[in-house]
Amino acid sequence: LAAMGEPGMDPTISTPDSTAQQDSLFSMMDVFLISLITGLFTYWFFFRKKKEEVPDLPKMQSVAAPARDSSFIEKMKKTGRNIVVFYGSQTGTAEEFANRLSKDAHRYGLRGMAADPEEYDLSDLSRLSEIDKSLAVFCMATYGEGDPTDNAQDFYDWLQEADADLSGLRFAVFGLGNKTYEHFNAMGKYVDKRLEELGAQRIFELGLGDDDGNLEEDFITWREQFWPAVCEHFGVEATGEESSIRQYELVVHTDVNMNKVYTGEMGRLKSYENQKPPFDAKNPFLAQVTENRKLNEGGERHLMHLELDISNSKIRYESGDHVAVYPANDSSLVNQIGEILGTDLDTVMSLNNLDEESNKKHPFPCPTSYRTALTYYLDITNPPRTNVLYELAQYATDAGEQERLRKMASSAAEGKALYLSWVVEARRNILAILQDMPSLRPPIDHLCELLPRLQARYYSIASSSKVHPNSIHICAVTVEYETKTGRLNKGVATNWLKNKVPDQNGSSSLVPMYVRKSQFRLPFKPSTPVIMIGPGTGIAPFIGFIQERAWLKQQGKEVGETVLYYGCRHEHEDYLYREELVRFQKEGVLTQLNVAFSRDQAEKVYVQHLLKKNKENVWKLIDEGIAHIYVCGDARNMARDVQNTFYEIVSEFGNMSQPQAVDYVKKLMTKGRYSLDVWS
């Protein structure tokens, strides 16, 4: 602007002998330039102002308002609660325990609420002392290799970064884990330790539940000592009220628009008819099964390979990720429950939370029919937990049956032993219990309120997205066994998947699914050697790994040694993916194929035996090749035996003592060079 203004200033210093014509001309120019400058300046001023205001708009509508909604403190004050039970839950068990603890509170003149940490601002923990007799309880499950569950990830991140003063907070933690895993109850232990470091006061010792043993008994044992500690701390007493309290009320819909009724969707109504990405646990994608073939040549078991079409879903996955599928219960089991309880399963109903302030309005999507609830939303095949037996006992008209149910739900040693033998070890599901207790006929709506949610099942993806960008492959074995009562129990998901036959159209071949990211990843550099150990269906992620290494090789990349240790029972019975593996070996992608056939000779041979046999080569790959080790499959025996074998190899060839060798392998894990994808 200054540069443009300077010529306009010249006439004011023009010499006296300038002509009138010039004066006239310059004065016109002057007016023109001044007008132009003023106009441009005005335009710039307002334009600039708008530009500056745009980023401020979101700030003006700041997070202040929603923050009140995410404050569990405000909610507790508003509803008169003093105990909050947070849960980190992947399969629903921790959430179930949290609900039980929050319901317990009324027996001691206290009021509890269960809370999903994902829905609240956990930095408010520092304000909990504003509420009289307040307590925070954490039921924290550990997922995978010592990881937090999906819904507790933000809480875990906050705990790691927080420097909050929690000196006014009183807390207790119950962890849910499995001793067959390397990082047993890592999340529960971390939360307990970290809260204390931040100044919080522990009012009862950390509880460590073990799902490899009897998780229910571990919880009951902890809980029966936890409440007396709470009573002592706050100076309260049990009111003696042991009555059953309904959490939901039944509303039967006689005249309802069927377009407003849930038919199996996990979140949004009609989401299966009108699919919209992104797809996740609350919005699964309906994938078409394009292939379902039996992998084994013989034997009693059914091992299968399925391919799910994810075209046009925008779903992305990497080798090593997990695919989650939502199965459906067997219709014959559902029908039998309906018959025993004398119920019209097609009745449309809603179960509405009696606590209007609760974030959880219904136990499952409502309105829906009993048939839909029992088929898609409720777990009817696992042995029910003791709280379900306790609540159901009131409906047994036979005194002996009622007493038996109450005893199994009690914390007495005799009751625990009876529950363990009659329910857990006998694998009695709710249908079996109703069949074996003829006088027990609860209202179906109360049964639906009590049963836990049917959970998604996770499978290691058996394909590489580099080779199969539009499909996800699953390798699974159908679960089927006879119980001590002579009943035939079938795995929900595997038997449901077995019947998913590819067809041109129709819902018979559709599978609701989503992808869960994993830490089980190939090395960043393709030239890094890999040692893969995966017997049985544990081979699944390695099929994806090998496919990817083959693809990398085709792209002209230098690919390091790719070594597989695989195991099965019989060479001519259940050798999975034999043709593919042999082809990969011929192509030079699979540099070593070591297969243990455990039952083809008198003495059993497992993958760890082959590792010992090739110990020198194994050590060379680890020590000189900086190889990455991957183990997939059974956690209880195989993964532990393989790890012990690595301790032996490291000790022998690394000239280390046993403790040094253990430390060496643990460091490999920390560095991401020893990865596990195991299950029990």
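**Notes on a pocket and a cavity**

1. Helix 18 gives the largest share of the lining of the second largest pocket, with 5 residues. The model is a predicted one, and that applies to each point below.

2. The volume of the second largest pocket is about 240 Å³. Its lining consists of 16 residues, and those closest to the centre are Val467, His468, Gln547, Arg583 and Phe584.

3. At least two lining residues of the second largest pocket come from each of strand 10 (303–309), helix 18 (540–554) and helix 19 (578–586). By class, the lining holds 6 nonpolar, 5 polar and 5 charged residues.

4. The second largest pocket lies between domain 2 (276–327 + 456–518) and domain 4 (530–678), because both give residues to its lining.

5. The largest cavity contains about 50 Å³ of space.

6. The lining of the largest cavity is made up of Asn214, Glu216, Glu217, Ile220, Thr386, Met408, Lys416 and Tyr419. Two or more of these residues come from helix 9 (215–234), and likewise from helix 14 (413–425). Helix 9 has the largest share, 3 residues.

7. By class, the lining of the largest cavity comprises 3 nonpolar, 2 polar and 3 charged residues.

Conventions
Residues are numbered from 1 along each chain as its sequence is written. This is a predicted model: local features need pLDDT of at least 70, side-chain atom pairs count only at pLDDT 80 or more; totals for chains, interfaces and linings use all residues. Side-chain values use heavy atoms; hydrogens and water are left out. On a 1 Å grid over the protein atoms alone, a cavity is a set of points where a 1.4 Å probe fits but cannot get out, and a pocket is an open set with protein on both sides within 12 Å along at least five of seven lines; lining residues have an atom within 4 Å of a point. Grid points are joined across faces, edges and corners, and a volume is the space filled by probe spheres set on the points. Helices (H or I, at least four residues) and strands (E, at least two) are DSSP runs, numbered from the N terminus. Ala, Val, Leu, Ile, Met, Phe, Trp, Tyr, Cys and Pro count as nonpolar, Asp, Glu, Lys and Arg as charged, and the others, Gly among them, as polar. Domain bounds come from an automatic or database domain assignment.
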